[in-house]
Amino acid sequence: MFLRNCWYAAYWSKDLGRGPEARTILNEPVVFFRKEDGTPVALADRCCHRAAPLSRGECVGDELRCGYHGLRYDDSGAVVEVPGQPRVPPGARVRCYPVREKWKTIWIWMGDPEKVDESAIPELFWLDDPGWVSSPGRFHVKGNYQLLSDNLLDLTHVIYLHKNTIGGDPAEATWPTETERIENGVRVGRWMIDFKTPPLFARVGGFDGNCDRWQHVTWLAPSNIYLDIGAAPTGTGAPEGDRSQGFSIWSTHLLTPETETTTHYHWGYARDFRLDDEELTKTLFEGSRDTFYEDVEMIDAQQERLGATVLDGLIDINADYAQLQARRMLEERIRAEAAANA
Ligand code: FES
Ligand SMILES: [Fe+2]
């Protein structure tokens, strides 16, 4: 079961051209295309004539023509032309999904169109603010989306799984975190004082002595997450609010279930310093990609062993606290939505 009355990231804006393109979301085949003015459209990817995928068709002006027998659909999913006959049969239409383009991201609403809530698109201003540089990427993950949420809310794996990228100091594994419930989400974070500077941070920050590090993760239901991660040389005042000697990287992780056991993982980092430094952009892009890919490989393997989408029969440890809060909150939302629809 998935939460439906909410926004999922379908694409980074840069990744959807004119289309049409197929993408399965919450087990539903969806076709995406852009109208001539660039407005994105999402329709059910199944022709109402003989079920051909509309993604095998072509865009004609602001409309989509099925690639099999040529039925033409407008942007609301209604058939407006049937080749060879003057009349369109009644009920000739496919489902149209509400979509919005915001923060250089295309969002899709998989639930009741009557309940669309613009304000529920998460605030991710750093993705299109001219004062920031961001570099989006995407992975296809062979794992349930909640395994990825768990991973991002867990700060203890960094030292083990990411020892070659952002992990560095064994004390990280046991350093305490604080978790709080916020409106529509969960936040977990910590400050780590006088720690060994990890290799990637040393390259980015240009310092190699010990550092004060911060990690703050915000999870928003159903599965949109951002991290404020950074470091400054120890003793330069970062914990007290002066980050000027250090750097902070905001990473964004938009997790969209494709099926119960596969996920579209949109990730990206953003920074508000040395904006024109292309070498740094490359270092950060490659560093982030390599780091997140370490997670993806583990989650693919984890899903294979798990076999299911629930954690039945497994033990919990203290480090799971934030993840369990998020899972509980999402479960409550899904249950409430199902009850309202019953
Ligand atoms: S299947 Fe689409 S027009 Fe026939
Ligand atoms: Fe990780």
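Trainee: Where does proline 20 lie?
Mentor: In this predicted model, proline 20 sits in the loop that runs between strands E1 and E2. The peptide bond joining glycine 19 to proline 20 is cis, with an omega of about 0 degrees.

Trainee: And what about the peptide bond from alanine 221 to proline 222, cis or trans?
Mentor: The bond from alanine 221 to proline 222 is cis, with omega near 5 degrees, and proline 222 belongs to the loop between strand E15 (211–220) and strand E16 (224–233). As background, most peptide bonds are trans.

Trainee: Staying with the backbone, what is phi of leucine 26?
Mentor: Leucine 26 has a phi near 50 degrees, which is a positive value in a residue other than glycine. Leucine 26 is placed in the loop between E2 and strand E3 (28–34).

Trainee: Why does leucine 26 count as partly exposed?
Mentor: Leucine 26 has 19 other C-beta atoms within 10 Å, and therefore counts as partly exposed, because the buried class begins at 20 or more.

Trainee: What is phi of aspartate 194, and where does that residue lie?
Mentor: Aspartate 194 has a positive phi of about 60 degrees although it is not a glycine, and it lies in strand E14, which covers residues 185–195.

Trainee: Changing topic, which domains does the assignment give?
Mentor: The domain assignment of the protein gives domain 1 as 7–120 and domain 2 as 126–339. Taken over C-alpha atoms, the centres of domain 1 and domain 2 are separated by 33 Å.

Trainee: How many residues does each domain bring to the contact?
Mentor: Domain 1 contributes 13 residues and domain 2 contributes ten residues. On the side of domain 1 that touches domain 2, strand E1 (7–12) and strand E2 (21–25) each supply at least two residues, and E1 gives the most, with four residues. By class, that side of domain 1 has seven nonpolar, three polar and three charged residues.

Trainee: OK, helices now. Is H1 mostly covered or mostly open, going by how many of its residues are buried?
Mentor: H1 is mostly covered, since nine of its nine residues are buried. Those buried residues are Tyr145, Gln146, Leu147, Leu148, Ser149, Asp150, Asn151, Leu152 and Leu153.

Trainee: At what angle do H1 and H5 pack?
Mentor: Helix H1 (residues 145–153) and helix H5 (residues 321–341) pack at an angle of about 140 degrees, and their axes are 8 Å apart. H1 and H5 are therefore oblique to each other, and their crossing is right-handed.

Trainee: Which residues meet there?
Mentor: From H1, Gln146, Ser149, Asp150 and Leu153 meet Ala322, Gln323, Ala326 and Arg327 in H5. By class, this contact of H1 with H5 has three nonpolar, three polar and two charged residues.

Trainee: And how do the axes of H1 and H4 cross?
Mentor: The axes of H1 and helix H4 (residues 278–306) come within 10 Å and cross at roughly 135 degrees, so H1 and H4 are oblique to each other. H1 passes H4 in a right-handed crossing. The contact is made by Leu147, Leu148 and Asn151 of H1 together with Asp295, Ile299, Gln302 and Gln303 of H4. By class, the contact of H1 with H4 has three nonpolar, three polar and one charged residues.

Trainee: Finally, where is arginine 4 found, and what does it touch?
Mentor: Arginine 4 is found in the segment before E1. Not counting residues up to four places away in sequence, arginine 4 touches Met110, Gly111 and Glu337. With 17 C-beta neighbours inside 10 Å, arginine 4 counts as partly exposed.

How values were computed:
Residues are numbered from 1 along each chain as its sequence is written. Chains are lettered from A and ligands numbered from 1 in the order in which they are written. This is a predicted model: local features need pLDDT of at least 70, side-chain atom pairs count only at pLDDT 80 or more; totals for chains, interfaces and linings use all residues. Axes are lines fitted to C-alpha atoms, for helices over the stretch in contact, and angles run from 0 to 180 degrees between N-to-C directions. Angles under 35 degrees count as roughly parallel, over 145 as roughly antiparallel, 65 to 115 as roughly perpendicular and the rest as oblique. A crossing is left-handed if the near helix is turned anticlockwise from the far one by less than a right angle, and right-handed if clockwise. Two residues are in contact if their C-beta atoms, placed from the backbone, lie within 7 Å. Ala, Val, Leu, Ile, Met, Phe, Trp, Tyr, Cys and Pro count as nonpolar, Asp, Glu, Lys and Arg as charged, and the others, Gly among them, as polar. Domain bounds come from an automatic or database domain assignment. A residue is buried if 20 or more other C-beta atoms lie within 10 Å of its own, exposed if 12 or fewer, and partly exposed in between; C-beta atoms are placed from the backbone.
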